Amino acid sequence: MTKPSLPDLLHAAVSAVGGTERPGQVAMAEAVAEAIDDNSHRLIQAGTGTGKSLGYLVPALAHGERVVVATATLALQRQLVERDLPRTVDALHPQLRRRPQFAMLKGRSNYLCLHRLHEGAPQDEEEGLFDQFEAATPTSKLGKDLLRLRDWADETETGDRDDLTPGVSDKAWSQISVSSRECLGATKCAYGAECFAEAARERAKLADVVVTNHALLAIDAIEGAPVLPQHEVLIVDEAHELVSRVTGVATGELTPGQVNRAVKRSAKLVDEKTADALQTASESFERVMELALPGRLEQIPEDLGYALMSLRDAARNVISAIGATRDKSVHDEDAVRKQALAAVESIHTVAERITNGSEYDVVWYERHDRFGATLRVAPLSVSGLLREKLFEDRSVVLTSATLKIGGDFNGVAASLGLSAEGVEGDDVPAWKGLDVGSPFDYPKQGILYVAKHLATPGREGTRGDMMDELAELIEAAGGRTLGLFSSMRGAKAAAEELRGRIDNPILLQGEETLGELIKAFAADPKTCLFGTLSLWQGVDVPGPSCQLVVMDRIPFPRPDDPLMSARQKSVEEHGGNGFMAVAATHAALLMAQGAGRLVRATGDRGVVAVLDPRLATARYGSFLRATLPDFWYTTDRNQVRRSLAAIDATAQADGK
């Protein structure tokens, strides 16, 4: 039997999902197939509307070996598993003469734990377990959530939190889930044979395509114990997010509250002397943290150093003691012991890491009004880790609508531990970059407007001229505005100011769930939606409800951001341009994602307005603009108002 051709397979899949085949999608599918065949690596930029999911799924399914697809957002994971993969498998089945299997795999805490559900959660203050269903009053929000979870447990097939609609609070979910460290293990657990997390792992072992998230991919790479099944091909979608997700997984933290909980959980399981030593270390750590001021610690202060060494040593002794003692008077002792061990091991790991003091780590204090001080430690760079763990023994395809920063792939490649394109060496993975473009005609569909006449934004304070400009733009557009702000404070200030100045309804992030806000924004063209970071990447509203995207300023990281400033300094110490490599690259990525909210379909028209003159006047402005879609560019405020009014008039004439 002749092997079906890739174009035929792609055509069948695109027809099955009711899509339109695009040249960029074909080019992408061919590049993915080539990478799989050659066991090589690709960075592929595929603009919005390309149909990149099918661009990698079709060659992956045709290949026949196991493929892991890792995405950043829950929305894309659901789309792949609930829509794209079922239709694609059905469409390809007649030609492939087989039906590829697929499965979703997440971290253990995403699945309902039957042991927790039926036996209760070990508590800090008392021996035994606490029946959360008895303690939570049935009329309280927590009580209602827990009762609903108990009913759901009898009917769910997956135990996956994301299959529960509507969802429940993190507090409610924490009562019936466990982390991988707290898990008893399938062989020791009375509910091991029915375990949802174990069932998901078993399904993944049998699947041809395993859909997971960046965090689990990072855990698989960092912790050494394989979580994902063996696979020959790794496809990383939304790859512009990978470095920050891996950094998040590799970041450790310590708080007095966290240490105190570990003390309480372990106290009943060890002798009095061992418990007292951890209690004393906890108290000295808390005293140090009370005086902690936010900022990076280039050297560990002496008092903090002593407190961390005491914590490390006391935690190590508790871990040894818990492992050596048994106490049959403790109800469900294994669960109590496992939770205590997890809490103490976490503290020991972070305290030891900071005490050892690697030059590749950044340590800093954060302080929150509600939660007090937190001590954090994060890797200066994850590029070495990714180069070593990601690109060995498999073909890797990284794709996103935003991988070319400032006009080429090399910036993103460097953050992933790769050399410049075309550079090869013994321990340097070779890769190729491909930009398949976008099906949209950006110069005709959109305008990039920079308000060159405005004052340069300062660190603090209101920007009266910016508020005037924003109000005029919204009125010209007839609403239809997505306002992207570099801080929540800026978004709130603009919402408060404009609610008193213009007639258009203004929705503000945080006043309702993100899903409800986006639904309301899409439903009424006169409405505006203001918010911060998650809106830069999370809004997909094609059509006339979003015809003006406004960015209040270039979203550089804060100058006092400890990790970003440390990374910038490190680049400079090695002879590079720290500002361009770190701050400008960070801003370019966000701006490209933000600008990408405007044109989501071939009929979309509109304006991206940047209310920061530096995009037009500063030397780095051209670097940032090169990362954005190729919109028609202007600094003429009158021209842009006329264009917005015309777009609004057309939409109104069409009854939208």
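I am working on a predicted model, in which local features need pLDDT of at least 70 and side-chain atom pairs count only at pLDDT 80 or more, while totals for chains, interfaces and linings use all residues. Residues are numbered from 1 along each chain as its sequence is written, and side-chain values use heavy atoms, with hydrogens and water left out.

I then followed the chain from β10 into β11 and saw that a hairpin of three residues joins them, with Val-363 standing opposite Val-377 in β11. I also checked strand β8 (residues 252–254), which pairs with β11 in the antiparallel sense over three bridges, and there Leu-254 stands opposite Leu-375.

How many residues of β11 (residues 372–379) are buried? I noted seven of its eight, where buried means under 20% relative accessible area (1.4 Å probe, protein chains only).

I turned next to helices α19 (residues 464–477) and α20 (residues 488–499), whose axes come within 11 Å and cross at roughly 65°; axes are lines fitted to C-alpha atoms over the stretch in contact, with angles from 0 to 180 degrees between N-to-C directions. I listed the residues that make the contact (heavy atoms within 4.5 Å): Met-467, Leu-470, Ala-471 and Ile-474 of α19, and Ala-493, Ala-494, Glu-497 and Leu-498 of α20.

Conventions:
Helices (H or I, at least four residues) and strands (E, at least two) are DSSP runs, numbered from the N terminus. Buried means under 20% relative accessible area, exposed over 50%, partly exposed in between (1.4 Å probe, protein chains only). Two strands pair if DSSP finds at least two bridges between them.
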